[in-house]
Amino acid sequence: MWTKDLQEQHLAVIRGKKAPTIVIQNVTYLHAFFKQWKVGNIWIDGDRIVYVGTEMPNVLEGAEVIDGSGRYAVPGYIEPHSHPTQLYNMESYANYAAKTGTTGFISDNLLLHMQFDEKMNEAIHDELQRLPYAFYWWSRLDSQTALADEADYFNSEKLKRWMARPDVIMGGELTAWPVLLNGDERMSDMVALAKQNGLKVEGHLPGASERTLAQLKLLGIDGDHESMTLEDVEKRLQHGYAVTLRHSSIRPDLADMLKGIIAEGWDVWDQLMMTTDGSSPLFHETGVINDCIQVAIDVGVDPIHAYLMASYNPARYYNFSDTLGVIATGRRAMINLLQDPSDATPISVLSDGQWIVKDGKAQPMDIEVDWSMLGTLETNVILTEELLTPITNLGISLENDVITKPYKSELDLTVDHLSYAHDESFLTVISRDGTIRMSSMIKGFADRIDGIATSYSNTGDFIIIGKNKKAMIRAFDEVLRMQGGYALVEEGEIIASIPTPIAGLLPNLSFEQLIERERHFKKEAQRLGYRLNNFVFTFLFLQSMHLPFIRITRQGMMNVLKREVLVPAQK
């Protein structure tokens with residue numbers, strides 16, 4: 001990571017021949033190995049910590065010396081289960097998260113893997129490495145939906161080069177674990193390849209029984225983030241899983257699980273991590289992993305354990321504690337300065353030796369990612385009322401943001417406009433190339449939304465919902481005009497929108513702007529009878545085959561448990 005010339009430069013600082021770039025003097029810092037607060041001086045040269053202890057450098061000319069008296073230094077926070085394309089892009093997300101101390105990210109690659117070839121994937125990930133943050137990546141093993149050509153996207157040969165990258169450290173998350181459990185050779189080979197490359201394999205195992213957990217551990221699954229109760233945590237720890245606890249917009253379970261661990265007196269803090277699990281922008285108004293730490297401290301977790309769960313624990317588990325997660329010699333200069341250990345939001349943030357926030361003020365970022373390489377939305381789809389007409393009365397009933405059940409509509413499905421007196425709406429999914437279409441009905445979404453459309457999905461497909469076919473077409477046309485995004489229509493007018501012009505999938509707005517866009521969109525949708533909490537996840541999970549019980553996919557209407565097509569899509 002550091003060239004021989006840089007190593008010589010770092011040694012020159014220690015030998016008194018050169019000044020460091022930054023010295024944080026007389027600071028109280030958390031040492032991950034001792035699990036203690038210590039007082040000392042931190043020398044930084046460029047992007048590296050070159051000394052931590054009681055001494056001061058012999059040469060200080062030109063160095064920035066920070067008085068750390070009354071400040072507490074902790075390692076930069078790590079998000080160990082990031083979905084960095086959840087209505088934002090990786091750059092805007094990282095820039096925003098870093099302002100509250102989250103400077104390390106172990107991130108999902110699904111969307112980019114599905115949409116771009118290997119060369120383009122590597123190019124954009126290399127481009128992101130220019131930013132002063134620690135980016136690590138997953139290697140997905142399944143599409144999370146139902147594709148006829150799934151094996152073309154996910155096989156050992158295709159993933160071999162990607163998994164060999166030093167910044168790829170995790171296989172998964174594995175949503176198609178039943179396939180592995182049933183002995184599928186292709187899936188078994190991919191898990192084996194991940195293991196050969198030293199990757200941890202993450203499960204996606206909500207509600208898994210003890211026998212299922214035991215079998216999957218034997219088949220190579222290392223960790224899981226789907227605990228919803230204290231019993232779930234106990235079962236996973238019992239079988240040797242690494243456990244990541246969630247504080248997310250869909251599952252805000254962290255506080256209750258931590259209270260339970262404290263009540264039981266379990267000394268398992270070294271085995272735990274914390275995640276926000278790809279929450280949408282609005283959930284992150286006060287930060288990212290700093291919020292998880294704050295939840296932990298507020299329910300009575302020792303602050304030392306809370307900070308280590310968000311830094312050293314993921315660094316150790318994923319085998320990069322030699323560079324991150326520890327304030328010690330030789331590590332990357334990722335340091336958060338706190339006013340008090342009881343407040344997890346830092347007053348200053350240092351990332352790769354660069355001030356992101358200094359004394360409460362955000363510092364300018366002079367590096368920008370070139371997103372133009374990903375192109376723009378390309379499609380020949382011309383939406384018509386005929387394409388929006390359901391081909392079946394078998395529909396999807398939304399029980400909550402993510403759980404669905406099948407139902408049969410008794411309405412006249414040939415009409416162009418549905419009544420506001422009920423909560424059924426038209427639902428259509430069309431592939432971006434226009435070759436596959438599935439039109440059905442959805443219940444429980446809203447009772448007065450005329451038209452809403454998006455191009456944001458893991459597969460890149462268009463999803464259109466509404467009461468009025470003309471309004472649905474209007475929303476779809478606005479998505480095309482914006483070169484991608486979300487559009488909401490009332491009485492023929494666009495009343496809310498979120499553009500995603502980067503490849504039709506990712507926004508080019510700042511995270512702060514996205515928060516306000518999401519707030520407005522959600523408010524308008526709820527005014528029109530949207531009954532759920534998070535429209536981003538409602539749309540995203542309509543195609544996701546890891547959640548019960550019925551989904552709409554490129555193959556058609558699917559029974560999740562049996563993985564069988566109930567009504568085939570039209571081609």
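How do the residues of the lining of the largest pocket divide into nonpolar, polar and charged? The lining holds 13 nonpolar, twelve polar and eight charged residues. Here Ala, Val, Leu, Ile, Met, Phe, Trp, Tyr, Cys and Pro count as nonpolar, Asp, Glu, Lys and Arg as charged, and the others, Gly among them, as polar.

The model is predicted: local features need pLDDT of at least 70, side-chain atom pairs count only at pLDDT 80 or more, and totals for chains, interfaces and linings use all residues. Residues are numbered from 1 along each chain as its sequence is written, and side-chain values use heavy atoms, without hydrogens and water.

The largest pocket is lined by 33 residues. H204, E226, R246, F541 and H546 lie nearest its centre. A pocket is an open set of points on a 1 Å grid over the protein atoms alone, where a 1.4 Å probe fits, with protein on both sides within 12 Å along at least five of seven lines; lining residues have an atom within 4 Å of a point. Helices (H or I, at least four residues) and strands (E, at least two) are DSSP runs, numbered from the N terminus.

An open sheet of eight strands runs in the order β19-β18-β21-β20-β23-β22-β24-β25. Its pairing is mixed; two strands pair if DSSP finds at least two bridges between them. Strands β19 (404-408) and β25 (493-499) form the edges, each pairing on one side only. Within the sheet, β20 (residues 424-430) and β23 (residues 462-466) run antiparallel, joined by five bridges. T428 stands opposite I464 in β23.
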